[in-house]
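I'll talk through some side-chain pairs and then some helix packing.

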Amino acid sequence: MVTALRAGELDIAIGLTEGWIAAIAKEFSAHQATEKPPSDNDFKVVGTFVETPLCWAISTGYSREYITDVQDLIGKKLGVSRIGSGSYVMSYVLKDREGWDQPFECVPLQTFEALRKGVNDGTVDFFMWEYFTSKRYYSSDTLHPVKKVGEIYTPWPSWKIVARIPLIDTPALDSFLDKVNAGTKYFEEHQEEAVQYISTKLDYEEEDAKEWMKTVRFARDVRGVKKSVIKDTVEMLQKAGVIEGEIWRKGDESTMAEKFVGIPREED
């Protein structure tokens with residue numbers, strides 16, 4: 001989606017918070033290196049789609065008897081989809097939460113299926129993936145079954161809306177955000193219809209769809225993003241090495257807003 005936005009093929013997109021923040025930071029660094037100003041093909045964060053964090057399941061091979069708990073993962077080999085991805089970034093969130101200093105050896109395996117296969121054949125010891133997507137593979141009668149040893153949440157709201165710079169502060173963007181608000185309101189007011197859609201179109205079991213609905217809280221008004229969310233996300237991405245170099249000086253919130261935020265939201 002980042003490529004499509006910068007090519008002008010998309011004007012607005014919804015995706016995971018850490019992916020957008022990383023892309024904006026890298027583009028800003030590129031502009032600094034070449035001393036070029038931001039272009040109309042750059043984008044900023046204009047909205048918060050989901051208020052709740054994303055739950056990642058921590059999984060190992062179905063028959064890996066010596067791995068039963070998160071503490072068994074110290075010094076183990078981690079499977080990720082790619083370096084810099086959410087499954088990679090969450091390893092640093094896990095290290096922070098547990099207070100570990102020892103880094104994981106990360107092995108990129110590209111796909112969810114390859115990760116499940118990898119923890120069973122010994123290529124890697126564990127991986128992290130969205131909980132409800134993982135849950136259906138906790139049964140021995142599935143392809144490359146896995147075993148859950150823990151879970152961890154993103155330290156930020158999980159989904160953000162971005163828009164290309166020329167669209168910010170325009171009636172077109174306002175209209176889009178109004179329609180998203182109307183859509184999420186309809187979704188929450190028609191729970192049975194939502195569960196039916198999720199369970200038939202998104203590869204979830206019906207009971208899992210119902211449980212997922214309980215964990216997700218959409219923004220009542222999707223407009224805007226809090227500066228604190230940007231700050232927390234950037235700091236974790238810097239720890240993970242996804243963002244390199246200085247993005248702003250400590251306490252310089254005006255710079256933060258200028259680089260990342262198209263529509264600010266008030267802090268709590």
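So, R97 is partly exposed, at 42% relative accessibility. For the cut-offs: buried means under 20% relative accessible area, exposed means over 50%, and partly exposed is in between, with a 1.4 Å probe and protein chains only. The side chain of R97 meets that of E98 in a salt bridge, 2.9 Å from N to O. E98 is partly exposed too, with a relative accessible area of 25%. By salt bridge I mean a side-chain nitrogen of Lys or Arg within 4 Å of a carboxyl oxygen of Asp or Glu.

Quick caveats before I go on. This is a predicted model, so local features need pLDDT of at least 70 and side-chain atom pairs count only at pLDDT 80 or more, while totals for chains, interfaces and linings use all residues. Residues are numbered from 1 along each chain as its sequence is written, and side-chain values use heavy atoms, with hydrogens and water left out.

How many salt bridges does the structure hold? There are 14. One of them pairs the side chains of R265 and E51, at 2.8 Å from N to O. That pair ties together distant parts of the chain, 214 residues apart: R265 sits in the segment after α10 (253–260), and E51 in the loop between β2 (43–50) and β3 (55–61). When I say helix or strand, those are DSSP runs, H or I with at least four residues for helices and E with at least two for strands, numbered from the N terminus. And is R265 buried or exposed? R265 is buried, at 18% relative accessible area, whereas E51 is partly exposed, at 22%.

Next one: E211 and K214, with their closest N and O atoms 3.0 Å apart, form another salt bridge. Both residues lie in helix α8 (residues 206–215), three residues apart, or about one turn of the helix. An α-helix has 3.6 residues a turn, so residues three or four places apart point the same way. K214 counts as exposed, at 65% relative accessibility, and E211 as partly exposed, at 36%. There's also a network: D178, D221 and R223 are joined by salt bridges that share partners.

On to the helices. Take α9, residues 227–239: it has 13 residues and reaches 19 Å from its first C-alpha to its last, close to the 18 Å expected at 1.5 Å a residue. That expected span is 1.5 Å times one less than the number of residues. Which residues of α9 are buried? They are V229, I230, T233, V234, M236 and L237. Looking down the axis of α9, these buried residues fall within an arc of 165°, so they line one face of the helix. The arc is taken from the directions from the helix axis to the C-beta atoms. After α9 comes G241, with a positive phi near 80°.

What does α9 pack against? Helix α3 (residues 86–98) packs with α9 at an angle of about 95°, and their axes are 9 Å apart. Axes here are lines fitted to C-alpha atoms, for helices over the stretch in contact, and angles run from 0 to 180 degrees between N-to-C directions. That makes α3 roughly perpendicular to α9, a label that covers 65 to 115 degrees; under 35 is roughly parallel, over 145 roughly antiparallel, and the rest oblique. V89, Y92, V93 and D96 of α3 make the contact with M236, L237 and K239 of α9, where contact means heavy atoms within 4.5 Å.

Also in α3 is G86, which is buried at 18% relative accessible area. Leaving aside neighbours within four places in sequence, G86 contacts E18 and W56.

Last pair: α6 (residues 171–189) and α7 (residues 191–201) pack at about 95°, with axes 5 Å apart. So α6 is roughly perpendicular to α7. Y186, F187, E188 and E189 of α6 meet Q191, E193, A194 and I198 of α7.

In α7, A194, V195, I198 and S199 are buried. Those buried residues fall within an arc of 120° seen down the axis, so they line one face of α7. They pack against α6 and α8, while the face turned away from the buried side carries the exposed residues E192 and K201. And α7 is followed by D203, whose phi is positive, near 65°.
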